[in-house]
Amino acid sequence: MSYFVLYRPVFMLELLAAEFLFTLKLRKRSYFVLRYILSAVACVAFAAFVPLKPEGAVSLSVVFLVYFVLTFALHVLCYDAPIPNILFCLTVAYVIQHFAYCVSNGVLLVTGLNDDVYGIYTEQATAEIFTARNVFGAIFAFAIYYISYYLFFLFLGGKMRKNERLHLRNSSLLVLSAVAISLSIFVNSMAAYGGMGNGFITAFNMYNALSCCFIIYMLFGMMRSVRTEDELNAVNKILKEYREQYEASKKNIELINIKCHDLKHQIRRLGQANNINETAISEIADAISIYDSEVETGNKALDTILTEKSLYCYKNNISLTCMADGSLLNFMNEAELYSMFGNAVDNAISAVRKIADTDKHTIGLNVSQVKDFVTVNINNYYEGELDYTAGGGLPSTTKKDKENHGYGLKSIIYIAEKYGGKVSVKASGGVFDLNIIFPIKRADA
């Protein structure tokens, strides 16, 4: 029996271990543990007992390609994630496995623990392989795999978000995956049957390891690019929705003000004509005045959003306190200003409504000038712990549908930065502060 018969299931376990690490954050299907165990056992059994025997570089490449396709099918059965996302994770895992393989080969050759690292692909008998030196070399190689996997997962695992469904383009991902898998399979297969000396093999493996690092960098670069594009599309969608909402709100508030103004005069005339008690008339007029109390800050868009939110807060027993010089924000596009404050106040309302203590159903809003800056502060109470795992120093959305939410703060940042502003958040003592600052010089430009 050749050593390759034993190496086949070992390779499958190496690959499955790397793939497991980099698919941890994918959305899992029901009965995941049972599905995964049965599928993993099937993959290892296939590698161990199905007689795929390489006779050259091409056939060896086919063997490892079949194993990769098999594990890909496993993960499609176990994870409820888009095919491109699964392919991305498995490609990363395969390249990392190949990196560890190349590094271990190079180290074993340099240290003399294995003078024939490609002997596993030959007809060399297991009895000739299992010498004390080679057994120690295998243990040493295991340590290299463990360290490699650990370090890659330590530095890259956090860059992958739980249950994230990246809209990866199939064509670009397939091209990059093909390059990565070709490097990991076909190039190595040519080297295994190339009859090269140990010195050349060592240099080749180190070059291959560096190439794997470059491929990983490219894969995660593509992920960052797609993630940025997805977020920008989501922000633009929010801006479009708020732009449409602003136009509708502006017209509705103007119409309400006109109707309320007319209605108060009509009630007073009717009351006087029918000798209705003046106190009763005043009470009715005051009740109507609630809907005729447009906030005036000196900025039409800010007036619209604050009037709208004030009415909502009044209806829901939330105290919204405003001290705002809206004229300081006249440099901003009206729809973008409406969107920025709409998002901020909506987030504050959502937070205070979750608090049982009604005394904490308060929101403060301040717009003022401090030296050469326009400062915006929106503060509110909150309960619970904020999750900052999404990165960027921003708390994650508390809504269950995280895929379609969590872009409110990002849209605020996008708008602020467009005008040279900066956004910061602070959560302390049960109070959440959103601070936005704009330079006056840029505002006056």
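1. A word on terms before the details: two strands pair if DSSP finds at least two bridges between them. Helices (H or I, at least four residues) and strands (E, at least two) are DSSP runs, numbered from the N terminus. The model is a predicted one, where local features need pLDDT of at least 70, side-chain atom pairs count only at pLDDT 80 or more, and totals for chains, interfaces and linings use all residues. Residues are numbered from 1 along each chain as its sequence is written, and side-chain values use heavy atoms, with hydrogens and water left out.

2. Let me start with the hairpin of E4 and E5. Strand E4 (residues 422-428) runs antiparallel to strand E5 (residues 431-439), and 7 bridges join them. Within this pairing, Val-425 faces Leu-434 of E5. The hairpin has 2 residues between its strands, and Gly-429 adopts a positive phi near 60° there.

3. After H12 comes Gly-420, with a positive phi near 75°.

4. For Ile-378 and Gly-364, the C-alpha atoms are 5.6 Å apart, with 14 residues of separation in sequence.

5. How many salt bridges does the structure hold? There are 3 salt bridges, taking the term as a side-chain nitrogen of Lys or Arg within 4 Å of a carboxyl oxygen of Asp or Glu. Glu-308, Lys-309 and Asp-346 are linked in a network. Glu-308 meets Lys-309 at 3.8 Å, N to O, while Asp-346 and Lys-309 have their closest N and O atoms 2.6 Å apart. Because Asp-346 lies in helix H11 (residues 334-352) and Lys-309 in helix H10 (residues 300-315), their bridge ties together parts that are 37 residues apart in sequence. Lys-309 is buried, with a relative accessible area of 9%; Asp-346 is partly exposed, at 27%.

6. Glu-336 and Lys-418 form another salt bridge, at 2.6 Å from N to O. Glu-336 is in helix H11 and Lys-418 in helix H12, so this pair joins parts 82 residues apart in sequence. Here Glu-336 counts as buried, with 6% relative accessibility, and Lys-418 counts as partly exposed, with 44%.

7. Glu-19 is placed in helix H1. Setting aside neighbours within four places in sequence, Glu-19 touches Phe-68, Thr-71, His-75, Leu-90 and Ala-93.

8. Now for the rings. Rings of Phe, Tyr and Trp (its six-membered ring) pair if their centres lie within 6.5 Å; planes under 30 degrees apart count as stacked, over 60 as edge-to-face and the rest as tilted. This rule gives a count of 15 aromatic pairs. One of them joins Phe-11 and Tyr-67, a tilted pair at 6.1 Å centre to centre and 35° between the planes. This pair links distant parts of the chain, with Phe-11 in helix H1 (residues 3-22) and Tyr-67 in helix H3 (residues 57-78), 56 residues apart. Both Phe-11 and Tyr-67 are buried. Why is the pair of Phe-99 and Phe-152 edge-to-face? The ring centres of Phe-99 and Phe-152 are 5.0 Å apart and the planes are at 85°, so the pair is edge-to-face. Phe-99 in helix H4 (residues 83-111) and Phe-152 in helix H6 (residues 132-156) are 53 residues apart, and both are buried.

9. Phe-11 and Tyr-67 also belong to one aromatic cluster, together with Phe-46, Phe-64, Phe-68 and Tyr-94. Finally, a charge sits over a ring if NZ of Lys or CZ of Arg is within 6 Å of the ring centre and within 35 degrees of the ring normal. Lys-28 lies over the face of Phe-32, 5.5 Å from the ring centre, and the charged end of Arg-224 sits over the ring of Tyr-217, 5.9 Å from its centre.

Conventions:
Buried < 20%, exposed > 50% of the residue type's maximum accessible area, 1.4 Å probe, protein only. Contact = heavy atoms within 4.5 Å.
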